[in-house]
Amino acid sequence: MHQLLVVTSVLVALCSLGSVDTSAYDKIVTHSRIRARKEGPNVCALQQVQGSKKKYFSTCRNWYKGSICGKKTLVLYECCPGYIKLEGMRGCPAVAPIDHVYGTLGLIKATTTQQYSDMAKLREEIEGRGSFTMFAPSDDAWDLVDSTVRSALVSNVNIELYNALRFHMVNHRILTKDMKNDMTFTSMYNNLGLYINHYSNGIVTVNCARIILGNQVATNGVVHVIDRVISSVGNNIKEVLDVTDELSSFTDVVLASGMMDKLDQPGHYTLFAPTNEAFDKLSPGYLERIMGDKAVIAALVNYHLLTSVQCSEAIMSGSVYETAEGSTIEIGCDGDSLTVNGIKMVLKKDVVTTNGVIHFIDQVLIPESAKEGMELMGDSQSTFSNMLHQLGFSAALGPKTEYTLLAPLDSAFTDEVNDEKLLKFILQNHILKMKVTLSELYNGQMLETMAGKLLRVFIYRTAVCIENACMVRGSKEGSKSALHVMRTLIKPPEKTIYELLIADRRFKIFLSLVETAGLTDLLKQEGSYTIFAPTDDAFDNLSTEDLALLKSDVNALRTILLYHFSNGIFINGGLERGVTNLLKTFQGKNLQVMSVNNSIHVNSVDVPDGDLMATNGVVHVVKNVLYPADLPVGRQELLVLLKKLIKYIHITYNSGFTYEEIPLRFIRRTVTTTHIETDPTLTKVTRVLQKDPVITEVVVKGEPVVTKVTRIIEGDPSFTQVTRVIEGEPSMTKVTRVIEGGDFSKITTIHTNPNLINEESERITKLIREGGGFASARKAPVGMRKRRKQLVRRHPKPSE
C-alpha cells in the first residue's frame, strides 16, 4: 500500500510538471489526443506512412494534408503514452503499471533492448537504485543494424554490447520537456555526448534518432523509444571531411575558401557535402574559373552550410532554411529520401558529428552569388538570354565584368525586329554598365546603359520601375553582376513632353490653350511631370466662339489646364492596384487615379493610351477634359461652355465665384545675355580726341534684359591720333540665367523696341553733353587685341 502511494505521488508530480512546462513534443501528443477524443479516453491519433512502419504524432499541417513527405498516410488510433486498454472497455481507461527501467522495456515492447540488457549483464543496474534515462532502440531499429555489426555486438556482449547500451543511457531522469534544442547530455559510456534536437514540429531526436514513444516513466528513471541504434560520436565536421575520400574535391574547395577553421570549431551545423562525382557534373571550366576568387569560393561553401542541425527524421515536409551564405534553400522529403530545392540528391544522411550533421549529396549547390549575370537568368527570360548569345553579348559580359541585366519576360517580346542594328541597340539599353542591386536603387537615380542612354528609376509604394518598365519578383545578385526581371521592354525617351505632343498631332487644341495660358514652357523645361493630355476629340462640342471665350479668361483657363498636370512621374505599373491613388495637381486639387486590369482610370475617365515617356515626364492620353468636381463656376456663359466640354460630372453654379490667380512659380524662365568678343581684324579705325577720353558705364539694376547703348564722345578735334587694328572673326559667348517664379509676360525688352533704343540713346547723349565726369581713358598700344566694350542696361520689371 505504501509503495502504491509512492508510485502515485511520482506520477502526479511528473504530470504536474508536464502541465506547467510543456514542450513541442508534448503539445503534439495533446493535439493527437484531441483528434481521437471520439474513440474514448486517452486515445491518440497517429499517422502512418503508407508502405512503411513509420508512425507520427503529426502536426496540423500534415494531418489536414493527409500526407507526410509527400506520401499518403493512414490514421491509427492507439493508447496515448502511459495508458493501456482494458478488456470490454472503450478507449484506454487504465494507467500503465509502473516498473523499473528493465521492466518498462518489456511493457513498451522494446524486447530486443531488454534481451540485450540481460545478455550484457546491464539488467541488474537498470533494475536497481538510481535515476536513469534510457534511449531504447525499438525492435525494428535493431533490425536495421548491419548484420555484421550486430553479430560483432552479440558475440562480445560483455564489452561491445554493454558499452553500446550504456551509450544510450544518461545517469539522471530527462523528460522530453527537459530536452531543449541543441542540448548535449553526457552518456554513461566514456562521457561521450548525446546530441539533442527538439524541433517546432514536435520531433525530438538524439544523435538524429527520432523518439517515437517518449516519457515512459519508471520507478528509477524514464524510457524513450527511438527509431534507430545510435553510435558514439568523436569527430567534428572538419575531421570527417579529412578522412572521407569521396568528399576530397569538396574538402579542397573548403580549404581554398578559408572555411575549414570554422568547421573545426564548436557549433550546430548542417553540411550538405557534394561527393567527388557531384563535382564531375559541373560545367567544364567552372571550378577553375572560381577558384581564384576567394569570395566566390566562400559563398559556394557557405551555401552548403546551415547554422542549425537538421536531422533527416525532423523533415516531414518542405521547409525553407537560411544558409550561412545568406540566401535560402528548401529542404524537403520524398518518402525516405531527402530533397534539396525539390531535387532528390541526398545519397547518405545523418552523419552525426560533435558540431552538427553531414548529408552527402550528388550535386553541387551553386548560389546566385557564385554565378555570372548570364547564369542568373531563368526560364521566363529565355528569349532575352538567347538574343544575347546570338548577337555576341555573352562574350563581352565575362566573369570579371561588372554589369546589370534588365531582363524582360518572354511575354514582352511581342513585335519582331528584323533590323539587327536596332535589335542590338534595344538589347544594349537593357544592360547597365555597372552592378546595381535592388537595395541600391532609389527614386530619381540615373543608370547608364551600354548604349550610352541614361535611364531613370522610379520607386513607388508597391513597385520599382525603370522608365516605362516595372520589375517583377526575382531580382538576383551574382558575383560581379545583378539581374532584375522587367515586365515589359524599356523604351528610353527621346523627346520632351512638348515635342512628344507636337509630333503626335492629336493635341493641337490642347497645345493652343496651353500657349494662351502661358504654360508652354512647363511642357519644355526639365523636370518630372505627369500630364493627362486631352486629345482634340475632347473639344469636339466647342465652337470657335466657345474656344475664344475659354481663352479670354486666363485664370479660368489656367485652373482647368493645371488640373491635368501633376508633379512627379506616375506610370501605370507604379500605381497600387485596386485602390485609389491620389495625385496632387498644380491646380491644387487631387486627381483620383486607379489601375484596373492593366489600364488607368482618372476621375472615372478611361485612359486609352498611357505611359508615353518623355525626357521630362510621362503623358497619359484622355478623351475628356478633367475638372475638379467640387469647384463651382461663377459665370453663366462659362458654365454653359463647360457643360458642353465636361459631361462625366455635375458642375455647380455659384454666382460671383471667380477663379484665383495661380502663381506660375513652377515655371523656370530663362534670359540670355550675349557678350560679343572680337578678335583683331584688318579694319583700321582712327579716332580724333581733344583730350583723354573718359569712359562712363551706366548700369540700371533690375530684371535681366539685354540692350546695346551707343557711347558718344564729343569735342574739338586735336592732332592726337589713336590707331586700333582689329583682326579675326567675332566670337560670341552666351550666358544664361535661370530665374524661377514670377510672371514675365509684362517685361519690356529694349532690343525688341526701336523707339525705346532711340530714346535711351538720346538720354545718355544728353547726360554726357551736360558734363558728366570723365576719367582718364587708357590708351591701348597700337596693334594689340582689345575687347570692344559694351554697356548693358538692366531695366527694372514694370510694376503691374
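In what order do the 4 strands of the open sheet with mixed pairing lie? I looked this up before anything else. The order is β23-β22-β29-β28, and the sheet is open with mixed pairing. I took strands as DSSP runs of E of at least two residues and helices as runs of H or I of at least four, numbered from the N terminus. Two strands pair if DSSP finds at least two bridges between them.

**Entry: ground rules.** I am working with a predicted model, in which local features need pLDDT of at least 70 and side-chain atom pairs count only at pLDDT 80 or more, while totals for chains, interfaces and linings use all residues. Residues are numbered from 1 along each chain as its sequence is written, and side-chain values use heavy atoms, with hydrogens and water left out.

Entry: I noted β23 (431-432) and β28 (476-477) as the edge strands, each pairing on one side only. Strand β28 runs antiparallel to β29 (residues 481-486), and 2 bridges join them. I found A482 in β29 as the bridge partner of E477. Helix α17 (residues 382-390) packs on this sheet and touches β22 (403-408) and β23. The direction of α17 makes about 125 degrees with that of β22. Such angles run from 0 to 180 degrees between N-to-C directions, with axes as lines fitted to C-alpha atoms, for helices over the stretch in contact.

**Entry: disulfides.** I searched the whole structure and got 5 disulfides, a disulfide being a pair of cysteine sulfur atoms within 2.5 Å. With the bonded cysteines numbered in sequence order, the pairing reads 1-4, 2-8, 3-5, 6-7, 9-10.

The sulfur atoms of C44 and C80 are 2.0 Å apart. Their link is right-handed, with 110 degrees about the S-S bond. C44 sits in strand β1 (residues 43-49) and C80 in the loop between β4 (71-79) and β5 (83-84), so the pair links distant parts of the chain, 36 residues apart. Both C44 and C80 are buried; buried means under 20% relative accessible area, exposed over 50%, and partly exposed in between (1.4 Å probe, protein chains only).

For C208 and C311 I read 2.1 Å between the sulfur atoms. The torsion about their S-S bond is about -70 degrees, so this disulfide is left-handed. C208 lies in the loop between β11 (204-206) and β12 (209-218), and C311 in the loop between β15 (305-306) and β16 (319-322); the pair therefore ties together parts 103 residues apart in sequence. C208 and C311 are buried.

C465 is joined to C470, S to S 1.9 Å. A torsion of about 85 degrees makes this disulfide right-handed. C465 is buried, at a relative accessible area of 0%, and C470 is buried at 8%. I also checked C60, which counts as partly exposed at 39% relative accessibility.

**Entry: R456.** Is R456 buried or exposed? R456 is buried, with a relative accessible area of 9%. I located R456 in strand β25 (residues 454-459). A polar contact of 2.7 Å joins its side chain to that of E467. I count a polar contact as a pair of N or O atoms within 3.5 Å; within protein, one must be able to donate a hydrogen and the other to accept it, and residues adjacent in sequence count only if both atoms are side-chain atoms. A polar atom of the R456 side chain also lies 3.2 Å from the backbone oxygen of T615. Beyond four places in sequence, the contacts of R456 (heavy atoms within 4.5 Å) include C465, P493, I569 and M613.

**Entry: helix α24.** Of the 9 residues of α24 (residues 554-562), 7 are buried, so the helix is largely enclosed by the rest of the structure. Among them are A556, R558 and I560. The buried residues of α24 pack against α21 (508-516), α22 (520-524), α23 (544-552), β31 (565-567) and α25 (636-645). At the helix start, a side-chain oxygen of D553 comes within 3.3 Å of the backbone nitrogen of N555.

**Entry: nonpolar cores.** I defined a core as buried Ala, Val, Leu, Ile, Met, Phe, Trp, Tyr and Cys residues joined through side-chain atoms within 4.5 Å. The largest has 47 residues, and L501, F510, Y627 and L642 have the most contacts inside it. L642 touches I560, Y627, V633, I651 and Y659, leaving out residues up to four places away in sequence. A second, separate core of 29 residues includes F272, V309, C333 and V357.
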